[in-house]
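Subject: Structure handover

Hello,

Here is the structure we spoke about, with its sequence. My notes on what was found follow below it.

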Amino acid sequence: MKAAFIADGKVGVGGLADPVPGKGQALVRTHVCGLCASDQHFLSGGHNLIELSRKMGGPYAALDFARPFVPGHEYVGEVLDYGPGSRRSVQTGRRVVSVPIMRQGGSHAVVGYSHQCPGGFGELMLLDEDFLIEVPDALPDDYAALVEPLAVGLEHARRGRPDKGDAALVLGCGAIGLGVIAGLKLMGVGPIVAADFHPGRRELAIAAGAHIAIDPRESDPYAPLPQFDGRRVNLIYECVGQPGMLQRIVEAAPFDGRIVMGGYCMEAESLYVFAAQNKRLNIQFAGGEEPQDMDLALRAIADGRIDVTPWLGGRIGLGEVADAVANLSGPSAPVRTLVDPRLG
């Protein structure tokens, strides 16, 4: 199959062996797949994640950074076949999305970060049939590819255990931060304050449901909110993923505040624990989505409760992936660029 792959920290394009499904595994032809900031982070920080997984027995332990692997975990594709002995949970020819985890065959792999389970930057994928979610006919591919990133934001939102008495702050308005905002809006939480350096992202945050969007270089996101009777934020979502963010949040957070760490930082983080203890802070580490989040994201996009249209950038072919990954964080970059392996 044709694929864009990572090897030795660089993006390449070429032919790789077609994956062969085993029991419980579906062979899926990729339609489109979103570019995620974690793909960019992995180019520089992947070594750290692999080494840590080897110490802890994590899902990245078997990944050899020097060998080609095909990223891409925000995909929609068509079921072509199953391995022998599979339940065949979704009919062949149907489109699916899924949690990007493979648990069949006695292993635990992350789709797109595994030599055995290539991701959506290639023509073919192997997906766990237990996690397949069928996509309605009326939902276009481009929208279906946004189910996974939205689901991550929804998971992070609920990990904070929000209630209607909370005032929430979302730091970083990329796809995950926007998903958190959308999730908080669905739960009736408010006010929601969004903070991002880029004006375009702040506009998207307001469209997603934030009540206030600020540039943190110009306004203190922890200051009293005159529009809401001087209330201060007490539930803080970190959706940036840069080292040093947690300590800065701890220093600024209010007493008895709650912090949800959702940004994926693949570098060592330093924390002055006493500062958090002194404020009696609760720090919740959020991970990837669960099936319930995927289901909610799919339904909310399909029925129009969450409009992800502003997230969509253009489609690119495999040969454009390297440049797109290098420019994911620019102020003019769309929330999601979609890779179409059929474009070559």
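In this predicted model, the largest nonpolar core has 60 residues, and the members that touch the most others are Phe42, Leu150, Ile181, Leu184 and Tyr237. Helix α4 supplies the largest share, 7 residues.

Ile181 can be followed in more detail. Beyond its neighbours within four places in sequence, Ile181 is in contact with Val170, Cys173, Ile192, Ala194, Ala205, Ala208, Gly209 and Ala210. There is also a second, separate core of 33 residues, with Met1, Leu124, Leu127 and Leu132 among them. As a general remark, nonpolar side chains in soluble globular proteins tend to be buried together.

Next, the sheet. Six strands form an open sheet with parallel pairing, in the order β12-β11-β10-β13-β14-β15. At its edges are β12 (212-214) and β15 (282-285), each of which pairs on one side only. On average, and with direction ignored, neighbouring strands of this sheet are turned by 20 degrees against each other.

Within the sheet, strands β10 (residues 168-171) and β13 (residues 235-238) run parallel and are joined by 4 bridges. Opposite Leu169 stands Ile236 in β13. Helix α4 (residues 175-186) packs on the sheet and touches β10, β11 (192-195) and β13, with its direction at about 160 degrees to that of β10.

Last, the aromatic residues. The structure holds 3 aromatic pairs. One of them is Phe65 with Phe69, a tilted pair at 6.5 Å centre to centre and 40 degrees between the planes. Phe65 has 7% relative accessibility and Phe69 a relative accessible area of 1%, so both count as buried, the cut-off being under 20%.

Phe69 also pairs with Tyr113, again tilted, at 6.3 Å centre to centre with 45 degrees between the planes. Tyr113 is buried, as is Phe69. Together, Phe65, Phe69 and Tyr113 form one aromatic cluster.

Regards

Definitions and conventions
Residues are numbered from 1 along each chain as its sequence is written. This is a predicted model: local features need pLDDT of at least 70, side-chain atom pairs count only at pLDDT 80 or more; totals for chains, interfaces and linings use all residues. Side-chain values use heavy atoms; hydrogens and water are left out. Rings of Phe, Tyr and Trp (its six-membered ring) pair if their centres lie within 6.5 Å; planes under 30 degrees apart count as stacked, over 60 as edge-to-face and the rest as tilted. Buried means under 20% relative accessible area, exposed over 50%, partly exposed in between (1.4 Å probe, protein chains only). Two strands pair if DSSP finds at least two bridges between them. Helices (H or I, at least four residues) and strands (E, at least two) are DSSP runs, numbered from the N terminus. Axes are lines fitted to C-alpha atoms, for helices over the stretch in contact, and angles run from 0 to 180 degrees between N-to-C directions. Contact means heavy atoms within 4.5 Å. A nonpolar core is a set of buried Ala, Val, Leu, Ile, Met, Phe, Trp, Tyr and Cys residues joined through side-chain atoms within 4.5 Å.
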